[in-house]
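Notebook, open at a new page. I set down below what I looked up, topic by topic.

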Amino acid sequence: MDLELRDRVALVVGGRGTIGSVVAETLRHEGARVVVASRSADGDDAVTMDTASQESVDAAVARVLEQHGRIDVLVVTAAPAAGTLDPDRASDPEQVAAAIDGKALGFLRVANAVLPAQREAGFGRVVVVSGQNAYLSGNVTTSLRNAATSIIAGNLADQSAGTGVTVNVVNPGKVTDEPATAVQPGAGGESSPQQIADLVAFLSSPRSVVSGESVSIAHRVLGQLTI
């Protein structure tokens, strides 16, 4: 299937990370002009961005728009890894607030900077990679930061309805280079960075009109029924 991404301009925030780097390469393979945003830019196809700072976000987005004229696709994978969060402080308000800022509000800052230009252009695709902890209790920090990301994305999708812009969430379970085929009760299916990137590429494509969805990759939490 031709995803019709040739010569589209894609900004991948967190594009030097485990998932983001594979997303960037996959979009390039589909013919997109990819700009990677990270805290330390390296090369002509990169911009420096700290998602904790609206000033940094605005400056980076302005630079991409100046250089390329548009941002057709925005993919946000930037967030502190779950392993960096202290499980003993899962209900500590300070850690919870920092985690929400690092993931959900970081996404919101970038989306707010990019969406006006996409809506004006009449086309845009926004995808944020979150996680299946949004569906699980037991850890206030990880549940809230992922659930908040999905809630923000759903609201932005509704605000963009009818403009040609779509906003979606991809929720992996465990990410590993060699995903297990079996799914354990109370857990989501495992997926590789490439499998995640393939789904992101489809949702980034003009061929997809899906919007306002939180899509679980591999398998949504086994044993959980959501109506």
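I count a salt bridge when a side-chain nitrogen of Lys or Arg lies within 4 Å of a carboxyl oxygen of Asp or Glu. I am working on a predicted model, where local features need pLDDT of at least 70 and side-chain atom pairs count only at pLDDT 80 or more, while totals for chains, interfaces and linings use all residues. Residues are numbered from 1 along each chain as its sequence is written, and side-chain values use heavy atoms, with hydrogens and water left out.

**Salt bridges**

I took arginine 28 and aspartate 45 to begin with; their side chains form a salt bridge with an N to O distance of 3.1 Å. This pair links distant parts of the chain, 17 residues apart: arginine 28 belongs to helix H1 (residues 18-29), and aspartate 45 to the loop between strand S2 (33-38) and strand S3 (46-48). Helices (H or I, at least four residues) and strands (E, at least two) are DSSP runs, numbered from the N terminus. For accessibility I use these classes: buried is under 20% relative accessible area, exposed is over 50%, and partly exposed is in between (1.4 Å probe, protein chains only). Arginine 28 is partly exposed at 31% relative accessibility, and aspartate 45 is partly exposed at 34%.

I then checked aspartate 50 and arginine 39, whose side chains meet in a salt bridge at 3.9 Å, N to O. Aspartate 50 is in the loop between S3 and H2, and arginine 39 is in the loop between S2 and S3, 11 residues apart. Aspartate 50 is partly exposed at 27% relative accessibility, whereas arginine 39 is exposed at 67%.

I also looked up arginine 70 and aspartate 72, which form a salt bridge with their closest N and O atoms 2.8 Å apart. Is aspartate 72 buried or exposed? Aspartate 72 counts as buried because its relative accessibility is 5%. Arginine 70 is partly exposed at 33%. Shared partners join Arg8, Arg70 and Asp72 into one network of salt bridges.

**H2 against H3**

I fitted axes as lines to C-alpha atoms, for helices over the stretch in contact, with angles running from 0 to 180 degrees between N-to-C directions. The axes of helix H2 (residues 54-68) and helix H3 (residues 93-121) cross at roughly 35° and come within 9 Å. I list the contact (heavy atoms within 4.5 Å) as Gln54, Val57, Asp58, Val61 and Leu65 from H2, with Arg109, Val110, Ala113, Val114 and Ala117 from H3.

**Valine 64**

I found valine 64 in helix H2. Valine 64 has a relative accessible area of 0% and is therefore buried. Which residues does valine 64 contact, leaving aside its neighbours within four places in sequence? They are Val9, Leu11, Val35, Val47, Gly69 and Ile71. The C-alpha atoms of valine 64 and valine 35 are 7.7 Å apart, for a sequence separation of 29 residues.

**Helix H5**

I noted the buried residues of helix H5 (residues 193-203) as Pro193, Ile196, Ala197, Val200, Ala201 and Leu203. Down the axis of H5 these buried residues fall within an arc of 160°, so they line one face of the helix. I take the arc from the directions that run from the helix axis to the C-beta atoms. Their cover includes H1, strand S4 (73-76), strand S5 (124-129) and strand S6 (165-171).
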